[in-house]
Amino acid sequence: MGGKSAVGSQLDTFRETRRDIEASVLPLATSVDGRRFSFQASLHGLELQAGGYAVLDDGGTRRLGQVLSVELHQQLAGELTLPSAAGGPETRTELQIRAAQGEGIIVDGSSAPFHDALIRPATGSEVLEWQQRETGPHAQLILGELALAPGVPCLADAAGFNRHTFLCGQSGSGKTYSLGVILERLLTETDLRMVIFDPNSDFTRLSEVRADADPALAARFREAARGVAVYSAGAQGERRLRLHAVEVEPAAQAAALRLDPIADREEYAALAGLLAGQDPLTIEALTTSGLPEAARLGLRIKNLGVDRYSVWAPGESGSVLDALHDQSVRCVVIDLGSLPSREEQSLTAAAVLGDLWRRRQERDPVLIVIDEAHNVCPAEPQDALSAVATEHAIRIAAEGRKFGLYLLLSTQRPQKIPENVLSQADNLVLMRLNSLADAAFAQAVFSFVPPSLIERSATFRQGEALIAGKISPRQPALLRFGARISQEGGADVPVTWAAPR
Ligand SMILES: Nc1ncnc2c1ncn2[C@@H]1O[C@H](COP(=O)(O)OP(=O)(O)OP(=O)(O)O)[C@@H](O)[C@H]1O
Ligand SMILES: [Mg+2]
């Protein structure tokens with residue numbers, strides 16, 4: 001009994017000594033190049049976090065830094081002699097002490113090397129002061145709050161959207177909601193036109209202001225929202241989502257008819273000839289043309305039901321493609337989710353992307369927003385129509401920028417987007433990503449973002465994100481997206497079935 005308590009008191013001495021030493025680890029930072037720094041700090045009351053901001057004070061010279069990584073570090077401090085208990089022998093033991101160790105980057109202040117500068121978390125006003133000083137000449141979009149500097153807005157540089165942007169996060173992480181925040185802010189603060197591919201009808205109420213929206217923001221947004229035009233299959237008149245067969249490029253028409261240029265060469269040639277002609281393509285024209293291959297083509301159209309697509313608009317004037325180039329329309333929402341079949345959705349996506357590409361010489365800046373991009377332009381298309389949409393996306397990703405065609409793609413699965421589309425993205429908005437494989441993939445593609453920040457995405461809550469690239473010119477930032485101004489369209493399925501009885 002007595003022996004046990006003697007060991008117990010030795011253990012207490014050991015723990016107290018270790019605690020005192022660990023608590024006395026000074027928060028000190030060193031930089032040999034004046035830009036990157038390493039630091040150590042006590043684990044007791046540790047406030048420095050990856051993605052957060054810190055002030056480094058080197059005897060009067062103050063710098064602002066961003067912490068990029070923080071890790072647990074253990075090192076041998078020496079040998080400790082524990083006092084003898086109850087006449088027993090003294091005990092000598094190794095003392096390992098634990099501390100935080102990390103890396104960071106200087107974002108503001110002198111670029112001279114320094115050694116043993118005191119480091120502490122920056123206050124909100126210190127971050128704000130830097131941010132205001134660094135703000136460039138372009139419109140700044142307030143996307144929300146910096147996650148590790150509460151009260152400080154997270155600003156995105158609007159001009160950075162003249163690059164391709166990739167938004168990624170697992171299902172439910174808040175991609176569509178946050179995409180809405182970005183689009184609302186772009187609508188309000190800039191003149192950039194946009195075309196939104198909306199496979200889940202999430203943006204059909206983009207022009208409707210929420211009752212609980214911030215009044216000042218809502219007033220400004222209302223003005224911009226007048227330029228939003230939603231094209232849905234179920235709408236009447238002008239806003240019915242519709243196409244004319246003659247406007248659809250031959251490649252997409254052939255894909256809709258599952259025509260292979262080699263295996264079905266006669267029908268393919270007949271289609272190409274007919275499409276090049278003046279007359280609109282009708283089944284009657286085909287069957288009465290007297291040409292056997294044209295008659296076969298007519299039969300194919302009938303059998304595949306392509307003539308019965310709800311998206312065709314025989315006898316109606318205009319189509320959704322007109323809106324793409326109508327300068328009075330600020331934002332075209334293409335409600336793909338309203339179309340009755342996957343084929344019609346793919347055909348419409350292919351036709352719209354094809355039209356934007358075909359008219360690229362107009363150099364009319366437009367943000368092409370594709371939610372659920374892994375369905376609209378998949379890396380491995382399951383059918384010929386999706387393959388046409390994917391080809392256009394790849395072409396626009398590679399060459400669109402110089403014509404003013406900028407992509408903003410959102411997906412849950414980065415691997416399901418063609419790699420040559422992803423690799424063209426200069427901006428990243430990363431939300432929660434639980435899959436290690438997805439995070440590793442994002443890390444490989446977005447090598448300009450510190451891996452330690454990408455790793456943090458596993459801990460994000462809904463609405464939290466990492467933003468990096470030209471839209472975040474001051475450094476990658478961790479943010480919490482702000483509240484939507486406009487209504488969300490396709491709401492989650494209600495859980496009224498789980499209401500308490
Ligand atoms: N910042 C936020 N504030 C309040 N609600 C949010 C926020 N972000 C997301 N939500 C809500 O959480 C739900 C899921 O968000 P959202 O639909 O944006 O996820 P998602 O990442 O697009 O998912 P999926 O990949 O399945 O489409 C929605 O009901 C949305 O309203
Ligand atoms: Mg979504």
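1. Arg-395 is partly exposed in this predicted model, with a relative accessibility of 30%. Its salt-bridge partner is Glu-391, with 4.0 Å between the closest N and O atoms. Glu-391 is partly exposed as well, at 44%. Both belong to helix α12 (residues 384-399), and because they sit four residues apart there, about one helical turn separates them.

2. Across the whole structure, the search finds 30 salt bridges.

3. Arg-92 and Glu-79 are worth a look too: their side chains form a salt bridge at 3.0 Å, N to O. Arg-92 is in strand β5 (residues 91-108) and Glu-79 in strand β4 (residues 61-82), so this pair links parts 13 residues apart in sequence. Both residues are exposed.

4. Is Arg-63 buried or exposed? Its relative accessibility is 3%, so Arg-63 counts as buried. It pairs with Asp-58 at 3.8 Å between the closest N and O atoms, and Asp-58 is partly exposed at 24%.

5. On to the cavities: three of 30 Å³ or more turn up in the whole structure. The largest holds about 90 Å³, and its lining includes Tyr-53, Trp-130 and Arg-474. Elements giving two or more residues to that lining are α2 (124-134) and β8 (153-157). By class, the lining has eight nonpolar, three polar and one charged residue.

6. The second largest cavity has about 70 Å³ of space. Its lining comprises five nonpolar, one polar and five charged residues; among the lining residues are Arg-193, Glu-362 and Phe-403.

Conventions
Residues are numbered from 1 along each chain as its sequence is written. Chains are lettered from A and ligands numbered from 1 in the order in which they are written. This is a predicted model: local features need pLDDT of at least 70, side-chain atom pairs count only at pLDDT 80 or more; totals for chains, interfaces and linings use all residues. Side-chain values use heavy atoms; hydrogens and water are left out. On a 1 Å grid over the protein atoms alone, a cavity is a set of points where a 1.4 Å probe fits but cannot get out, and a pocket is an open set with protein on both sides within 12 Å along at least five of seven lines; lining residues have an atom within 4 Å of a point. Grid points are joined across faces, edges and corners, and a volume is the space filled by probe spheres set on the points. Ala, Val, Leu, Ile, Met, Phe, Trp, Tyr, Cys and Pro count as nonpolar, Asp, Glu, Lys and Arg as charged, and the others, Gly among them, as polar. Buried means under 20% relative accessible area, exposed over 50%, partly exposed in between (1.4 Å probe, protein chains only).
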